Every structure is written in structure tokens, then in C-alpha cells.
Amino acid sequence: MARTTPAVELEVGGRTVRVSNPDKVYFAERGVTKIDVVQYFLSVGDGILGALHERPTTLERWPGGVFEGAKLSTRMDNRGDAFYQKRVPQNAPEYVQTARIGFPSGRTADEVCPTELAVVAWCANLGTLTFHPWPVRRTDVDRPDQLRIDLDPQPGTDFTQAVTVSAEVRALLHELGMAGHPKTSGGRGLHVYVPIEPRWSFVDARRAVIAFGRELERRMPDQVTMNWWKEERGRRIFIDYNQMARDRTIASAYSIRANPRATVSAPLRWDEVPDVAPNDFDVITMPARFAEIGDPHAELDRHPYPIDALLEMADRDLRDHGRGDLPYPPEYPKMPGEPKRVQPSRDTDRPRT
């Protein structure tokens, strides 16, 4: 029978957070235990709370830690060692606040909505490594206040190619009178967040990202793709526009990723982007970096932008080039104006050349 160590209690912002089995190994390769994970989140407290504050948040829970062969449960197979938790866990402390959100299916759920650092520590005690906040605040859960541009390397490409594309992302945003805030994904990719005025729907925000991605694709056709179907992407960086669809989320800044090295999603300054690698940032190295430079995303939400110019670009794409909507993920209801969700190689009605 496995031995457990006595629980410890931490004082976090005037709250007492109990950490059970604190010496449980979560990342064997790095010697990182459960209490180390909790202390990591406390060490970057202002940063992680800034990324999550008042946002409905899905929890990615690894209660057994990350070990060889461990896998994450999916919609198709729920027998994994870890899982996503969208609804607030039972017996949550009274200080854990929630926000009610609506899924594309029409169902609703009350999600954890962090408002103080004790909530993050409590979630970490449940085995939460990665926090997945919605791009909305609880004051209006139907109108995004961020555009999230996900630079997703495809087979044959890596973080280096994502960095190259990010330079054009920055330039295009500048042309539009906007500024973005980059971060590593914690894996091979790169994310750029753009604060926007919360005046548009998820459908409009997604259209804006599609228009932005298509312009990148025109400028860098050999390096960027907007093709939803993997068989058509090639060795290019995919702009994952569906990350702006309702109920699709991205790992937050400072979240820990479930890999042996325990890398984290690291906010960056633009001048750092060409010189870093994802493995530079993990639960061991990030606390010292945070203590030295603070949070590069601290000002992210201070200057939100309108997206009218991007929506005008989307209108021009449709009017001048016949390029309208793109496919949604398979679990979504069919959307107005959406093309067929049929893999091209299986589409018997697709014109052949």
C-alpha cells in the first residue's frame, strides 16, 4: 500500500489552503512533487491570476501526476489518467466563485472563475496543472475580450518556424493599429493574444481571426496555412482559427504542461521571441525569471482594440474572392454559411484536377 505524507496548510491571501499528500511525485524526471506544483503557482501568483482573473476556466487535472504512459481522457475515450473538468468540483470552498457559460450544444455549466490566488492553489491541490480560461470575463460571457492567435507547427516544422511567422503577425497587427502579446505554448507552438473591446460575438471574433490568418497566408504562402484538414496543411504553421470558437480554450500563461520536463507557457517580450526555446521555461526556472522581470503580460488588458478593420477584411474576402467561413470542429452544430465538414480525400463531390 502506497504511503502518504501528512497534509500541509498554506496561508494564501488570508485563506487557508490544505494540500493533501504534498510529497506525491508529479514529475519524476524533475523531482517535482505536488507541493512543488502548488508553490510554483504561488511564486508566479500575480501572473497566473492576471491570466485567469474573472474568466470561466476549465481545469486540466492530473491527480496521479505525469508518468510514462499516462494519457488524457477525451470525448471518445474517458479511460485516461487525467481529465478536463468544466464544472466546478463538488465541495468547493465558499471563496471559489463560478461563472455560468453556454456550450455550443445548448447545455450550460458553472465553471470555476478565479478571483483570488487561493483559488489557484486549491485547484492545484486537485491536480490541476493546466488552466484553460475562456477569452471572456464573467460580466459578459458571450463577448470575447481577447483574440487568440495560435501558431501551431505541423509535422516538419517546429517552434523556430512559428517564431518566423510571429514576426509577420506583429507587423500585420501594427498595420492594423493593434498590438499583440506573445507567449510560448509550453510545447512547440507560439500564441499571440490581442486585447479587444468586448463588443462582438464569438462568431465575429472567429471571423476576425480567419481574416487575419488568410492575410498571413497570402503574405507567407509557403510558411502559413489556414487549411482545417491536416492532409492539406503540409509543412507549414497552421493558424488554428477554431481556438476562437465558443468553448475552445488555450492553456493560460504560467500553466504547467503535462510533459516530463514540466515546461510552462511563458509570456514573452517581443524582443525575446527570436532567442528563446520552449524548454527554457519550466517549473524550476520560471519562479526566478518572474522574480527578476515580473509579468510581461501585466499590461495586456490595458488597451483593448476594436476589430472593425478585421471584419472589413473578412467582408472583402467574401465579396472579392468568394472566401467565406471555414469548418468548425466536428462536435459543433452546423453553423450558418459553414462549408461541408468532409475530409477532402473523402469528399466525392469535390472537383478533381
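Hi everyone, let's start with a pair of helices: helix H4 (residues 159–175) and helix H5 (residues 202–219) pack at an angle of about 120 degrees, with their axes 11 Å apart. Before I go on, this is a predicted model, where local features need pLDDT of at least 70 and side-chain atom pairs count only at pLDDT 80 or more, while totals for chains, interfaces and linings use all residues. Residues are numbered from 1 along each chain as its sequence is written, and side-chain values use heavy atoms, with hydrogens and water left out.

A quick word on terms. Helices (H or I, at least four residues) and strands (E, at least two) are DSSP runs, numbered from the N terminus. The axes are lines fitted to C-alpha atoms, for helices over the stretch in contact, and the angles run from 0 to 180 degrees between N-to-C directions.

Back to our pair. H4 and H5 are oblique to each other; angles under 35 degrees count as roughly parallel, over 145 as roughly antiparallel, 65 to 115 as roughly perpendicular and the rest as oblique. H4 passes H5 in a right-handed crossing, meaning that the near helix is turned clockwise from the far one by less than a right angle, with anticlockwise being left-handed.

Who meets whom here? On the H4 side we have Glu168, Val169, Leu172, Leu173 and Glu175, and they meet Phe212, Glu215, Leu216 and Arg219 in H5; contact means heavy atoms within 4.5 Å. By class, this contact has five nonpolar, no polar and four charged residues. In that scheme, Ala, Val, Leu, Ile, Met, Phe, Trp, Tyr, Cys and Pro are nonpolar, Asp, Glu, Lys and Arg are charged, and the others, Gly among them, are polar.

Two of those charged residues pair up: the side chains of Glu168 and Arg219 form a salt bridge, 2.9 Å from N to O. Because Glu168 sits in helix H4 and Arg219 in helix H5, the pair ties together parts that are 51 residues apart in sequence. A salt bridge here is a side-chain nitrogen of Lys or Arg within 4 Å of a carboxyl oxygen of Asp or Glu. Glu168 is partly exposed, at 23% relative accessible area, and Arg219 is partly exposed too, at 31%. The cut-offs are under 20% for buried, over 50% for exposed and partly exposed in between, using a 1.4 Å probe and protein chains only.

This pair also belongs to a network of salt bridges that links Glu168, Glu175, Glu215, Arg218, Arg219 and Asp317. How many salt bridges does the structure hold? There are 33 of them.

Let me show you two others. Arg302 bridges to Glu299, with the closest N and O atoms 3.0 Å apart; Arg302 is exposed at 62% relative accessibility, while Glu299 is partly exposed at 46%. Arg341 bridges to Glu338, and there the closest N and O atoms are 2.5 Å apart. Arg341 is partly exposed at 25%, whereas Glu338 is buried at 8%.

H1 passes H3 in a right-handed crossing. Lys34, Val37, Val38, Phe41 and Leu42 in H1 meet Leu117, Val120, Ala121, Ala124 and Asn125 in H3. By class, that makes eight nonpolar, one polar and one charged residues.

Both of those helices come up again with helix H2. Why is H2 (residues 45–52) largely enclosed by the rest of the structure? Six of its eight residues are buried, namely Gly45, Gly47, Ile48, Leu49, Ala51 and Leu52. The cover over these buried residues includes helix H1 (34–43), strand S5 (57–61), helix H3 (117–125), strand S9 (128–133) and H6.

Just after H2, Glu54 takes a positive phi of about 60 degrees. Glu54 lies in the loop between H2 and S5 and is partly exposed at 22% relative accessibility. Asn21 also has a positive phi, near 45 degrees, in a residue other than glycine; you'll find Asn21 in the loop between strand S2 (15–19) and strand S3 (25–27).

One last stop: Thr249, in the loop between strand S14 (237–239) and helix H6 (286–293). Is Thr249 buried or exposed? Thr249 is buried, with a relative accessible area of 19%. Leaving aside residues up to four places away in sequence, Thr249 touches His132, Pro133, Trp134 and Gln243.
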